[in-house]
Amino acid sequence: MGLVVFVTGAAGFIGQAFVVELLKRGVLETGGGFPRSIEALVLADLVEDIPVVKGYEEEERLVRRGGVDIREEGAFAALLDEYVDDEDALSVFHLGGIASGDGERDDRGADLALDINFLGTRAVMTALRDWNRRTGIQSRFVFTSTNAVFGPTETITDDSKVMPRTSYGTAKAMCELLINDWSRRGFLDGRCTRMPAVIPRTTPNASAASAWSEVIAKPYDGVTADLSVPMETLLPVISIFRMMDNLIRLHNIPDEVLGDDRVVVMPALPISLAEAAAEVEAVFKQRGRPVPIPVASYEEDPQVARIVKDWPPQHAVSRAFELGWGVDRSVAEIITLFIENRTALP
């Protein structure tokens, strides 16, 4: 009996980086807490031409690619039938979905958020529920939620009220409730984490928090970062590397340790764009890298600014630390990690 791992949204920045991390590790813990080698890694997205992972050509033999629109009835179930035997252990990391900005762009945004981020997630979960019933094996489902589920408040805690101010956050909150309920009923072993802004992304997306990536990634490429959010804006962030480690830790937590509350708030480091820009200049100079002048410029996008201002600026959680998760210690550490590991990112 092998372990088959699915990654949805595998063509996106986080998806591609996470696939590299899984290939690097080669094992995950499943029921009973025992390490199990990954026998197959299925990359699922709307497109099938997800690139070969550089430096992992040998491990590429484990990789399968499946083009799928998870909203289509039976589409994800068909992928399971194609790639998973009834005796296999099965884990799914559901990273696919639209970004926060897409859910607010126009009147269609609310429908997109509902159709893709909620109904698409429900379709994946339904396929897993039916597979579990047929095989008698409990699959593990890991979902990435967001701090956008919280309403306007000063500090995020483990017990902060869920009151999203975007369609994106609303759809994610609905998914959280469904995961808790279906895990309670034994339909699947679900767990999810409310993620802060993950930085730095090297490819653009429609996230309202993209400025916190651009302020690092653009100067790395030698150009000034053109930002659409006021420089003094504070936002909790986490490096892509720390986030991936925490996500794997979430997967590996024994079912009984999570109990009835399947949602864990991921730790984060609150930083302002001004602080990030200053640290970029300092770290780049220290490492002998050229620094664009200025590091960043600002021209407000009212819609993006409206979304971000409703996101809590401070972070004070404890449950994740009790579970052994980590957080970046400083902006300088995030920038240094990025410089030293840039080739491992898409």
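**Figure 1. Asp86 and Arg134 in a salt bridge of the predicted model.** The side chain of Asp86 meets that of Arg134 in a salt bridge, with a distance of 3.1 Å from N to O.

**Figure 2. Asp245 and its salt bridges with Arg25 and Arg249.** The side chain of Asp245 forms a salt bridge with that of Arg25, at 2.8 Å from N to O. This pair links distant parts of the chain: Asp245 is found in helix α6 (residues 240–252) and Arg25 in helix α1 (residues 13–25), 220 residues apart. Asp245 also forms a salt bridge with Arg249, and here the closest N and O atoms are 2.8 Å apart. Asp245 and Arg249 both lie in helix α6, with a spacing of four residues, or about one turn of the helix. Salt bridges with shared partners join Glu21, Lys24, Arg25, Asp245 and Arg249 into one network. Asp245 is classed as buried because its relative accessible area, 19%, is under the limit of 20%. Arg25, at 33% relative accessibility, counts as partly exposed, and Arg249, at 37%, is also partly exposed. By the rule applied here, the count of salt bridges comes to 19.

**Figure 3. Strand β11 and the strands that pair with it.** Strand β11 (residues 234–239) has five buried residues out of six, so this strand is largely enclosed by the rest of the structure. Strand β9 (residues 197–199) runs parallel to β11 and is joined to it by three bridges. Within this pairing, Ala197 has Val237 of β11 as its bridge partner. Strand β13 (residues 269–272) pairs with β11 in the antiparallel sense, over four bridges. Here Leu235 stands opposite Ile271 of β13. As background for reading such a view, side chains in a regular strand alternate between the two faces of the sheet.

**Figure 4. Arg191 in strand β8.** Arg191 has its place in strand β8 (residues 189–195). Is this residue Arg191 buried or exposed? Arg191 is buried, since its relative accessible area is 0%, under the limit of 20%. The side chain of Arg191 makes a polar contact with the side chain of Asp189, at 3.1 Å.

**Figure 5. Helix α5 and the residue Gly222.** Helix α5 (residues 211–220) is largely enclosed by the rest of the structure, because eight of its ten residues are buried. The buried residues of α5 are Ala211, Trp212, Ser213, Val215, Ile216, Ala217, Pro219 and Tyr220. Just after α5, Gly222 adopts a positive phi of about 90 degrees.

**Figure 6. A nonpolar patch on the surface.** Leu114, Leu119 and Met174 form a nonpolar patch on the surface, and together these residues have about 200 Å² of accessible area. Met174 has its place in helix α4 (residues 167–184). At 30% relative accessibility, Met174 counts as partly exposed.

**Figure 7. The whole protein, as a setting for the close-up views.** The protein contains eleven helices and 15 strands. Its radius of gyration is 20 Å, close to the 20 Å that the globule rule gives for 346 residues, so the protein is as compact as a globular protein of that length. Along the principal axes, the C-alpha atoms fill a box of roughly 60 × 45 × 40 Å. Of the 346 residues in the protein, 56% are buried.

Terms used: Residues numbered from 1 in each chain as written. Predicted model: local features only at pLDDT ≥ 70, side-chain atom pairs only at ≥ 80, totals over all residues. Heavy atoms only, no water. Helix = DSSP H or I, 4+ residues; strand = E, 2+ residues; numbered from the N terminus. Buried < 20%, exposed > 50% of the residue type's maximum accessible area, 1.4 Å probe, protein only. Polar contact = N/O pair within 3.5 Å; in protein donor to acceptor, adjacent residues only side chain to side chain. Patch = residues over 30% accessible without salt bridge, like charges linked within 9 Å, V, L, I, M, F, W, Y side chains within 5 Å. Areas by Shrake-Rupley, 256 points an atom, 1.4 Å probe, with all protein chains shown as cover. Salt bridge = Lys/Arg side-chain N within 4 Å of Asp/Glu carboxyl O. Pairing = 2+ DSSP bridges. Rg over C-alpha atoms; globule rule 2.2 N^0.38 Å.
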